[in-house]
Amino acid sequence: MTTPQHGPYSPQNHPNHPGPPYNGYGNGYGYVPYRVPGPDDFDHRTSTAPLIATVLLTVLGPAALFLGGLSVMATDSCGSDCPTALTTWLYLIYGTIVFGGVLSLAALVTAWSLPRKVRYWNLRRWAALITVAPSVLVIALVCTIPSP
């Protein structure tokens, strides 16, 4: 029995040197549809993550400050003998507002000032996420504050 000389497994469909070396993209035979960017190439999407973080921070930051400031009204009904869970929660809210504000500002400056290279894309994304995290945490803590 002989092997047919046509079809998908014939030698003429699989040449010995199909193209450039295979690097994980393409159809598996060495074809690369586009050039893969290197770590030092210019990244055109550098302002996307910091811009989204800045817009979210301009909305969530004042909301977190306002709700955090109103959270002290939860202690008005109990006076000086509030439960420890409530006072601990309020200390956590105000500590997050103070230290989270500094952290948010530092992360936002970092996200905008990183070099416009592909290698810093992941760091820029994490800095943008850390920018918004304290405001979201304060809003979540205010929404789940224990009753007096």
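Biologist: What share of the contacts in the protein chain with a separation of 6 or more comes from residues 24 or more positions apart?
Modeller: Those residues account for 69% of them. Contact means heavy atoms within 4.5 Å. This is a predicted model: local features need pLDDT of at least 70, side-chain atom pairs count only at pLDDT 80 or more, and totals for chains, interfaces and linings use all residues. Residues are numbered from 1 along each chain as its sequence is written, and side-chain values use heavy atoms, without hydrogens and water.

Biologist: How many helices and strands does the protein chain have?
Modeller: Three helices and zero strands. Both are DSSP runs, numbered from the N terminus: helices are H or I with at least four residues, strands E with at least two.

Biologist: How do helix 2 and helix 3 cross?
Modeller: The axes of helix 2 (residues 84–113) and helix 3 (residues 121–143) come within 8 Å and cross at roughly 160°. Axes are lines fitted to C-alpha atoms, for helices over the stretch in contact, and angles run from 0 to 180 degrees between N-to-C directions. The two helices are therefore roughly antiparallel, a term for angles over 145 degrees.

Biologist: Which residues make the contact?
Modeller: Among them are Trp89, Leu92 and Gly100 of helix 2, and Arg124, Pro134 and Val142 of helix 3.

Biologist: New topic. Which residues does UniProt list as "transmembrane region"?
Modeller: The unreviewed entry lists residues 51–71, 91–114 and 126–147. Such annotations may be inferred rather than shown by experiment.

Biologist: How much of residues 51–71 is helix?
Modeller: That span is 95% helix, and its end C-alpha atoms lie 30 Å apart.

Note on methods: Parallel < 35°, antiparallel > 145°, perpendicular 65-115°, else oblique.
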